[in-house]
Amino acid sequence: MKPENKFRKWFIDRFAEQMALRHRGAIVTAQKHADYATDGIADIDVSINGMTMWLEVKLLMTCKAERKLDVTPLQRAYLENRAKGGVPTGLLVGLSLGPRKGYRVALFVPPISEVVHRDMFRHVDDVVARLY
């Protein structure tokens, strides 16, 4: 499995766990998208009680102080166009902590930043709370 897909699965699993612990009874779903016919479509959608947010997922293996985000113009346009239409969207960036150590996570909402700074990464619980 590709590292970015491992991060995506890890995040979705943590998201579901945190929602079950913090918001019992919330209806939560997440789905990966691989739509090769629609350029730029976000990687996943996450729904909580019928409200859906579309997320592009990126993974960084390292980030010393600052790193340029590898978001294509089509991905950026997809997220920003949906946001203009009132659909919650975002860029979810993982920073690997090493083999089997998990990730730190950053969440950006449009307009999407061109760079990420190391101090922007948070514990996954913080990002789940923000999504909720």
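Does K58 count as buried or exposed at 12% relative accessibility? K58 counts as buried, because its value of 12% falls under the 20% limit of relative accessible area that defines a buried residue. The model discussed here is a predicted one, and this report moves from its overall fold to individual residues.

**Overall fold**

Three helices and seven strands make up the secondary structure of the chain. In sequence order, these elements follow the pattern α-β-β-β-β-α-β-β-β-α. The radius of gyration is 14 Å, close to the 14 Å that the globule rule gives for 132 residues, so the chain is as compact as a globular protein of that length. The C-alpha trace spans about 40 × 35 × 25 Å along its principal axes. Of the 132 residues, 41% are buried. When contacts between residues at least 6 apart in sequence are considered, 56% of them join residues at least 24 apart.

**Packing of α1 against α3**

Helix α1 covers residues 3-22 and helix α3 covers residues 124-131. The two pack at an angle of about 70°, and their axes lie 10 Å apart. That angle makes α1 roughly perpendicular to α3, since values from 65 to 115 degrees are placed in that class. The crossing of α1 past α3 is right-handed.

On the α1 side, the contact is formed by W10, F11, R14, F15, Q18, M19 and R22. These residues meet V124, D125, V127, V128, A129 and L131 of α3. By class, the residues of this contact comprise nine nonpolar, one polar and three charged.

**K58 and E4**

K58 lies in strand β3, which runs over residues 51-60. Apart from neighbours within four places in sequence, K58 is in contact with E4, F7, D70, V71, Q75, L91, L92, V93 and G94.

One of these partners, E4, belongs to helix α1. E4 is partly exposed, because its relative accessible area is 30%. Once residues up to four places away in sequence are set aside, E4 touches D43, V57, K58 and L59. The C-alpha atoms of E4 and L59 are 5.4 Å apart in space, although the two residues are 55 apart in sequence.

L95 is part of strand β5, residues 89-96. With 2% relative accessibility, L95 counts as buried. Its contacts, not counting residues up to four places away in sequence, are L59, L60, M61, T62, C63, G102, Y103, R104, R118 and F121.

V116 is located in strand β7. Its relative accessibility is 0%, so V116 counts as buried. Leaving aside neighbours within four places in sequence, V116 is in contact with L60, C63, A65, E66, R67, L69, A106, F108 and F121. V116 and K68 are 48 residues apart in sequence, and their C-alpha atoms are 6.4 Å apart in space. The contact lists of L95 and V116 both include L60, C63 and F121.

The relative accessibility of the residues described in these two sections is set out below.

| Residue | Relative accessibility and class |
|---|---|
| K58 | 12%, buried |
| E4 | 30%, partly exposed |
| L95 | 2%, buried |
| V116 | 0%, buried |

**Backbone features in the loops**

N49 sits in the loop between β2 (44-48) and β3. Its phi is near 50°, a positive value in a residue other than glycine. N49 is partly exposed, with a relative accessible area of 47%.

R100 is placed in the loop between β5 and β6. The phi of R100 is near 60°, which is likewise positive in a residue other than glycine. At 83% relative accessibility, R100 counts as exposed.

The remaining case concerns a peptide bond. P110 and P111 are joined by a cis peptide bond, with omega at about 0°. P111 lies in the loop between β6 (103-108) and β7 (115-117).

Note on methods:
Residues numbered from 1 in each chain as written. Predicted model: local features only at pLDDT ≥ 70, side-chain atom pairs only at ≥ 80, totals over all residues. Heavy atoms only, no water. Axes fitted to C-alpha atoms, helices over the stretch in contact; angles between N-to-C directions. Helix = DSSP H or I, 4+ residues; strand = E, 2+ residues; numbered from the N terminus. Parallel < 35°, antiparallel > 145°, perpendicular 65-115°, else oblique. Left-handed = near helix turned anticlockwise from the far one by under 90°. Contact = heavy atoms within 4.5 Å. Nonpolar A, V, L, I, M, F, W, Y, C, P; charged D, E, K, R; others polar. Rg over C-alpha atoms; globule rule 2.2 N^0.38 Å. Buried < 20%, exposed > 50% of the residue type's maximum accessible area, 1.4 Å probe, protein only.
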